[in-house]
Amino acid sequence: MTEPEAGRAQTLVPARNGAALQRYRDVLIALIAFAVLASLPLFTGSKALLDFVIRCSAYGLFATSLNLLVGYTGLTSFGHGMFFGLGAYSFGLIMQKLGVPIPVAFVATLAITAVVAAIIGAICVRLKEIYFAFVTLAFQMLIHSTILSWASFTGGDQGLRGGIPRPASLGIHLSNHVHLYVTSCALLILGLLAMRQIAQSPFGYTLRMIRDNAARASFLGIDVWRAKLTVFVLAALFASMGGMVMALFVSGAYPEFAYWTISGEAIFINMLGGVSTFLGPMVGTVLLLLLNDTVTRFTEYHGIVLGVVILFFALGLRKGLLDFVAEWYAHRRETGEGR
Amino acid sequence: MDLDALAGCLSSSACLVTQTTSGLIIGMLLFLVAVGLTLIFGVLKVVNFSHGAFYMFGAYFAMTAYQLTGSFALAMLAGAAGTAILGLIFERVFMSRVYGADVLMQLLVCYAFVLIFDDVVRIIWGPEFKSMGMPSAFQVMPLFVAGGVVPPYYLLLIGIALVAAIVLGIGLSRSRIGKVIRAAAHNPGMVSALGINTGLIYGGVFALGGMLAGLAGALAAPVRSLTPGMGFSVLIESFIVTVIGGMGSILGALIGALLLGLIRSFGSLGFPLFTEGLMYLFMVIVLVSKPTGLFGKEAA
């Protein structure tokens, strides 16, 4: 592959304001975004719109976590969906079999994901490029086959049925649609904020350096293997969170959540929105879900329409939408200053 | 898990022969698909994610040609030639635009075509399962080897795949075109400086890869059911084959495909529900112990 990877190169410009100032700005944006999303049910009674935002939360968390690997570290994971599925199944099984309060199940699922991701990551991250992609894919399919074949525990190809119990705890009634909606939004905003902090931290810049020149990072005394493993586990945690939101929403878990196409979709979302900006995957999520919903309404052959749209982005724009906008904006400002 | 069945089969020669034959035909079909994939990767440095679609088109072309003409040979020819043309067009019009681009971009173009091709098949041939049926020439008594059943068609299938493997292996290492292809894989700039049209070679290699996958599809048409999306599982399995054998290695693809075929046929006895899992487990073990695959060269 060519040395500086065009398209995903994100120049290492030091933050113009102090890091602390930028953090305050991020928190402020997050608070405003949450306030806007959370007040949505006051203005509209449309269940479809709220459902749409919940699905965006689940997929957005998942896709943005993949961007930590693909965009920031240059690790093209083809099996990131395994953690989405793992989150959904672990959460659902814990709730069904143990009947613990939801926050306990939530934390326990994150712990399980961390352990599994650490084991799989330790094996995967020492491999390069296409081999990393394929081993992660193999692990994903291994988990998928396990779910299918361990039918007595996971329900096999029928998925986890019978619904996931949603007892009230901490004054939150997740069986209430509006409560579920607000909780999903809160998880999305918190997750995005946490990932933003990781991306902007010194560790985040270490990841960018590993992406651009791993050998150099290693010369500078960075333990590349450990940094990659750390971000692999972190990304898995957020993907698992996305899976849990999905499990809560559909009140179940299905083998498709762990199938490789879900990883393919996440990669597609990243390309659609763009991997060089933090919010690119979020924009991609909204675009893909909108596209899916409208196209399936008009034609049964949505594969063709989706395929043509992908071709437009891949061959026409050659970058994601937000990448395109960001570059256009930077270009305009440059020429404006030149005048 | 049913280890008794596996042990019982291993001790009976009849079952051993039957399972080995079925493992071999799975392996040979996989080899034809995987060898195209590995060839395209070796020369073009592109992971053709839409390779399964060529397998699918090969099967559908063969079925249509067989229904129109009733000739088995013409059906095979239609499957192979049709996909070769399709591969050439696909490479020249679309893939050639993303050679320098990011791996993700190439995958995305292929992913788009997986979606489009599946729907095209759905529109032309319909969404339901189709079957080509066994040609009457092969509807004869199966052979009995050591008590095991071996349908004659299986022998033909294994034979054609073996011939393809040998022709390909010798052609690439001995013939002039083969040498040019290997040179283009190594240093395309130098090859084009010597006055050879590399674009034509790239197109030709892609067409060859598509043709092999199409031939596999055509050969599989009488013994498997045809459905849109049938290329998907074949694609994933042939990926496993190329990764196990080593990307770019033809011998590796052959060994990997046969190993995988045998794992599938014997695994389905011992672990009926976890057969797929076994394949992935095998892939993980190979990759962890030798990341470049069994016959892969160290990355340059």
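At what angle do the axes of helix α9 and helix α11 of chain A cross? The first legend answers this. All views show a predicted model.

**View 1. Helices α9 and α11 of chain A cross at roughly 115°.** Helix α9 spans residues 202-212 of chain A, and helix α11 spans residues 224-250. Their axes come within 11 Å. The crossing of α9(A) and α11(A) is left-handed. From α9(A), the residues in contact are T206(A), L207(A) and I210(A). They meet V224(A), A227(A), K228(A) and V231(A) of α11(A). By class, this contact of α9(A) with α11(A) has five nonpolar residues, one polar and one charged.

**View 2. Helices α3 and α13 of chain A pack at about 135°.** Two packed helices are described by the angle between their axes and the distance between the axes. Here helix α3 covers residues 47-73 of chain A and helix α13 covers residues 280-298, with the axes 8 Å apart. The α3(A) side of the contact consists of F52(A), R55(A), C56(A), Y59(A), G60(A), A63(A), T64(A), L66(A) and N67(A). The α13(A) side consists of G280(A), P281(A), M282(A), G284(A), T285(A), V286(A) and L289(A). Nine residues of the contact of α3(A) with α13(A) are nonpolar, six are polar and one is charged.

**View 3. Helices α3 and α10 of chain B pack at about 130°.** In chain B, helix α3 runs over residues 51-69 and helix α10 over residues 230-245. The axes are 7 Å apart. The two helices, α3(B) and α10(B), are therefore oblique to each other. α3(B) passes α10(B) in a right-handed crossing. H51(B), G52(B), A53(B), Y55(B), M56(B) and A59(B) make the contact from α3(B). Their partners in α10(B) are M230(B), G231(B), F232(B), V234(B), L235(B) and S238(B). The contact of α3(B) with α10(B) has eight nonpolar and four polar residues, and no charged ones.

**View 4. Chains A and B meet through 32 residues from each chain.** On the side of chain A that touches chain B, the elements giving two or more residues are α6 (129-149), α12 (260-273) and α14 (302-317). Helix α6(A) gives the most to this side, with 12 residues. The residues on the chain A side divide into 21 nonpolar, eight polar and three charged.

**View 5. Chain A carries spans annotated "transmembrane region" in an unreviewed UniProt entry.** The UniProt annotation covers residues 27-46, 52-70, 102-123, 130-153, 178-199, 229-254, 266-291 and 298-317 of chain A. Residues 27-46 of chain A are 80% helix and 0% strand, and the end C-alpha atoms lie 29 Å apart. Residues 130-153 of chain A are 96% helix and 0% strand. The end C-alpha atoms of residues 130-153 of chain A are 34 Å apart.

**View 6. Chain B also has "transmembrane region" spans from an unreviewed UniProt entry.** UniProt places them at residues 24-44, 49-66, 72-91, 103-125, 153-173, 194-219, 239-262 and 269-288 of chain B. Residues 49-66 of chain B are 89% helix and 0% strand, with end C-alpha atoms 28 Å apart. Residues 194-219 of chain B are 85% helix and 0% strand. The end C-alpha atoms of residues 194-219 of chain B lie 39 Å apart.

**View 7. K45(B) has a positive phi, near 60°.** Most residues other than glycine have a negative phi. K45(B) lies in the loop between α2 (13-44) and α3 of chain B. K45(B) is partly exposed because 16 other C-beta atoms lie within 10 Å.

**View 8. L98(A) lies in helix α4 of chain A.** Helix α4 of chain A spans residues 81-98. L98(A) counts as exposed because it has 10 C-beta neighbours inside 10 Å. L98(A) and T136(A) are 38 residues apart along the chain, and their C-alpha atoms are separated by 30 Å.

**View 9. G126(B) sits in the loop between α5 (103-125) and β1 (143-145) of chain B.** G126(B) has 11 C-beta neighbours inside 10 Å, so G126(B) counts as exposed. C-alpha to C-alpha, G126(B) and F266(B) are 34 Å apart in space. In sequence, G126(B) and F266(B) are 140 residues apart.

Definitions and conventions: Residues numbered from 1 in each chain as written. Chains lettered and ligands numbered in written order. Predicted model: local features only at pLDDT ≥ 70, side-chain atom pairs only at ≥ 80, totals over all residues. UniProt positions renumbered as here; feature names shortened; annotations may be inferred. Helix = DSSP H or I, 4+ residues; strand = E, 2+ residues; numbered from the N terminus. Axes fitted to C-alpha atoms, helices over the stretch in contact; angles between N-to-C directions. Parallel < 35°, antiparallel > 145°, perpendicular 65-115°, else oblique. Left-handed = near helix turned anticlockwise from the far one by under 90°. Contact = placed C-beta atoms within 7 Å. Nonpolar A, V, L, I, M, F, W, Y, C, P; charged D, E, K, R; others polar. Buried ≥ 20, exposed ≤ 12 C-beta atoms within 10 Å, placed from the backbone.
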